[in-house]
Amino acid sequence: DAILTDNMGGVYTAVEELIKRSHRRIGMITGPEQMYTSRERMKGYCRACEDYFVEVVPELIRYGNYDIESGYRCFMELMELANPPTAVVAGNYYMAIGALQAINEKGIRIPEQLSFIAYDHMEFAGIMTPKISTVSQPLGNIGQVAAERIVQRIKGNMENYPQVDRLKTSLNLTGSVNSL
């Protein structure tokens, strides 16, 4: 059994929102290429671009290690491009922290100079100015469904074994996303 979140759909929705706001150069900071979550999130990024006829530009995609340091490094690499992105999606909480450190260090104003969305709920996102837009995973629901599945299996109910539950994410748009 597995309890997953819709990684692909979460990033798709974030990128779709940026595209609808006229962004065409959207940077993606994601985790290691071999990790399931990274691959799923990249599928969401690519599918949104393809669905809206936005070119997937490899130089706008950076792979890190789902840690603060790689978020910082990947963001700095994106900003060093001759034509940097107008929007960035950070693939997890820690890489978003690293990217936000780089944004602060470079004096980039969100959303005036860059739109920014973080994957994962960030406790401090609401106290920042502007508040950071996030793709949130239903953590409480994940725990509840996992506990129910464990109890079901312990009681010997093997119906639909193995079962994969894929829970929806939600996009929480705030002032960190601007239209071009």
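Leave out neighbours within four places in sequence, and Ser38 is in contact with Thr30, Gly31, Pro32 and Tyr66, where contact means heavy atoms within 4.5 Å. This is a predicted model, in which local features need pLDDT of at least 70 and side-chain atom pairs count only at pLDDT 80 or more, while totals for chains, interfaces and linings use all residues. Residues are numbered from 1 along each chain as its sequence is written, and side-chain values use heavy atoms, with hydrogens and water left out.

**Ser38**
- Ser38 sits in helix H2, residues 36-51; helices (H or I, at least four residues) and strands (E, at least two) are DSSP runs, numbered from the N terminus.
- Is Ser38 buried or exposed? Its relative accessibility is 1%, so Ser38 counts as buried (buried is under 20% relative accessible area, exposed over 50%, partly exposed in between, with a 1.4 Å probe and protein chains only).
- The Ser38 side chain also reaches over to the backbone oxygen of Pro32, at 2.9 Å.

**Leu18**
- Leu18 belongs to helix H1 and is buried, with a relative accessible area of 0%.
- Setting aside residues up to four places away in sequence, Leu18 touches His23, Ile26, Ala87, Val89, Ser115, Ile117 and Val177.
- Met8 is 10 residues from Leu18 along the chain, and their C-alpha atoms are separated by 16 Å.

**H1 against H2**
- Two packed helices are described by the angle between their axes and the distance between the axes.
- For H1 and H2, that gives an angle of about 35° and axes 7 Å apart; axes are lines fitted to C-alpha atoms, for helices over the stretch in contact, with angles from 0 to 180 degrees between N-to-C directions.
- H1 and H2 make a right-handed crossing (right-handed if the near helix is turned clockwise from the far one by less than a right angle, left-handed if anticlockwise).
- On the H1 side, the residues that meet H2 include Val11, Tyr12, Val15 and Ile19; their partners in H2 include Glu40, Arg41, Tyr45 and Ala48.
- By class, this contact has 9 nonpolar, 3 polar and 6 charged residues, with Ala, Val, Leu, Ile, Met, Phe, Trp, Tyr, Cys and Pro counted as nonpolar, Asp, Glu, Lys and Arg as charged, and the others, Gly among them, as polar.

**H3 against H4**
- Helix H3 (residues 68-79) and helix H4 (residues 93-106) have axes that come within 6 Å and cross at roughly 50°.
- H3 and H4 are therefore oblique to each other (under 35 degrees is roughly parallel, over 145 roughly antiparallel, 65 to 115 roughly perpendicular and the rest oblique).
- The crossing of H3 past H4 is right-handed.
- H3 residues including Tyr72, Phe75, Met76 and Met79 meet H4 residues including Tyr94, Met95, Ile103 and Lys106.
- The H3 contact with H4 sorts into 11 nonpolar, 4 polar and 2 charged residues.

**Positive phi**
- Ser22 isn't a glycine, but its phi is positive, near 75°.
- Ser22 lies in the loop between helix H1 (7-20) and strand E2 (26-30), and is partly exposed at 39% relative accessible area.
- Asn160, another residue other than glycine, has a positive phi near 60°.
- Asn160 is placed in the loop between H5 and E7 and is exposed, with a relative accessible area of 53%.

Conventions: A polar contact is a pair of N or O atoms within 3.5 Å; within protein, one must be able to donate a hydrogen and the other to accept it, and residues adjacent in sequence count only if both atoms are side-chain atoms.
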